[in-house]
Amino acid sequence: MTSPLQDPTESAASAPTSTVVMTEDEAPTKRKKLRDVILAPGDPKLGQVMRRPRWIGVLILALAIAAAFAALGQWQLARAVAVDPSQAGPTEHMVPLTQVIGPTEPIHDVLVGQQVSVSGEFVPGDYVVLGGRLNGDTKGYWVTGHLVVAGEKPASLAVALGWTKSQDQANTVAERLNAEAASPVDLTGRLVPAQGPLVPDAKTPDAFLLTEMSVASLINVWAGPAGDVYLPYFLSFDTPDGLTKIDAPKPEIEFELNWLNIFYAIEWAVFAGFAVFLWYRLTRDAWEKEVDEAAEKRGDPSPFE
């Protein structure tokens with residue numbers, strides 16, 4: 001017991017200490033590396049133990065498990081690269097318009113850019129010029145038409161027919177087409193979502209020139225009755241004389257990388273490797289045990305120490 005005036009650190013310093021001494025027999029021994037092991041004559045080698053039927057069977061089981069893990073890793077990896085759902089449709093396979101969408105139906109993302117074929121008649125007098133339309137990087141004009149789609153119940157479809165850099169040329173083509181009599185046509189092209197209508201800008205040189213491919217706006221300027229209307233518009237591959245084909249490339253497929261799936265795929269690959277390593281470790285442990293028991297019977301020290 002220390003007095004109140006005694007420094008507790010002095011008491012701790014004066015306390016007796018004990019030292020644990022480990023004998024040579026009790027000290028842990030470091031096992032030799034495999035290449036340094038010298039076996040006695042008659043001791044089996046590691047390869048001989050691995051080729052025994054028992055361990056071949058375990059190897060087959062380990063490989064089967066590793067294959068299952070690898071398959072799961074491949075499954076996760078395949079889902080790590082996801083395609084944008086809006087680009088997942090088979091847009092480059094031509095299908096009839098009436099098989100993919102009907103009048104007044106909204107266009108789904110998977111149908112954006114879908115190639116379709118359509119039959120019908122253009123309404124004379126309903127060819128309209130649109131301004132501010134790009135073809136590549138060049139601004140110009142579109143000539144559009146009002147197609148009545150053939151069927152049991154005809155419906156109206158807005159069609160973008162062609163492009164030109166000159167407004168005068170666009171007006172000339174539109175006037176020529178408006179003067180022609182209606183006749184049946186077969187067209188191919190892409191379905192494109194319609195744009196929203198814009199309020200005309202009175203400050204522009206031609207305030208009433210439409211600049212958006214808006215089905216709602218076109219209905220208001222068509223002379224012929226619209227009836228039921230397709231909500232997207234049709235970008236035609238077939239171009240009238242005097243116009244240039246509108247650039248209509250196939251939709252670009254966008255990829256999204258899911259890092260969580262990649263992490264899971266790496267995990268499955270590690271598990272597959274561990275299954276084979278576990279077989280090796282079990283086989284080696286069994287071999288070392290067998291060699292140690294043989295050395296003990298001979299009265300020899302373990303060749304692994």
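Visitor: Which residue stands opposite Leu-130 in strand 5?

Guide: Trp-142 stands there. This is a predicted model, in which local features need pLDDT of at least 70, side-chain atom pairs count only at pLDDT 80 or more, and totals for chains, interfaces and linings use all residues. Residues are numbered from 1 along each chain as its sequence is written, and side-chain values use heavy atoms, without hydrogens and water.

Visitor: What makes strand 4 and strand 5 a pair?

Guide: Pairing requires that DSSP finds at least two bridges between two strands. Strand 4 (residues 128-135) and strand 5 have seven, in the antiparallel sense, so they count as paired. In their hairpin two residues lie between the strands, and Gly-136 takes a positive phi near 75°.

Visitor: How many bridges join strand 5 to strand 3, and how many to strand 6?

Guide: Three bridges join strand 3 to strand 5, antiparallel. There Gly-120 stands opposite Val-149. Strand 5 and strand 6 pair over nine bridges, also in the antiparallel sense. Val-143 stands opposite Gly-162 in strand 6. Five residues make the hairpin link from strand 5 to strand 6.

Visitor: Which residues is Phe-234 of strand 8 bridged to?

Guide: Val-159 and Leu-191. Strand 6 (residues 155-164) runs parallel to strand 8 over two bridges. Strand 7 (residues 184-192) runs antiparallel to strand 8 over four.

Visitor: Why is Thr-104 called exposed?

Guide: Exposed means over 50% relative accessible area, buried under 20%, and partly exposed in between (1.4 Å probe, protein chains only). Thr-104 has 51%, so exposed is the word. Thr-104 sits in the loop between helix 4 (97-100) and strand 3 (115-122). Its phi is positive, near 70°, though the residue is not glycine.

Visitor: Which residues of strand 8 are buried?

Guide: Tyr-233 and Leu-235 are buried on one side, Phe-234 and Ser-236 on the other. In strand 5, nine of the twelve residues are buried.

Visitor: How do you know how helix 3 runs relative to helix 7?

Guide: Helix 3 (residues 53-78) and helix 7 (residues 259-298) pack at about 170°, with their axes 7 Å apart. Angles over 145 degrees count as roughly antiparallel, under 35 as roughly parallel, 65 to 115 as roughly perpendicular and the rest as oblique. So helix 3 is roughly antiparallel to helix 7. Axes are lines fitted to C-alpha atoms, for helices over the stretch in contact, and angles run from 0 to 180 degrees between N-to-C directions.

Visitor: Which classes of residue make up that contact of helix 3 with helix 7?

Guide: The contact has 22 nonpolar, four polar and no charged residues. Nonpolar means Ala, Val, Leu, Ile, Met, Phe, Trp, Tyr, Cys and Pro; charged means Asp, Glu, Lys and Arg; the others, Gly among them, are polar.
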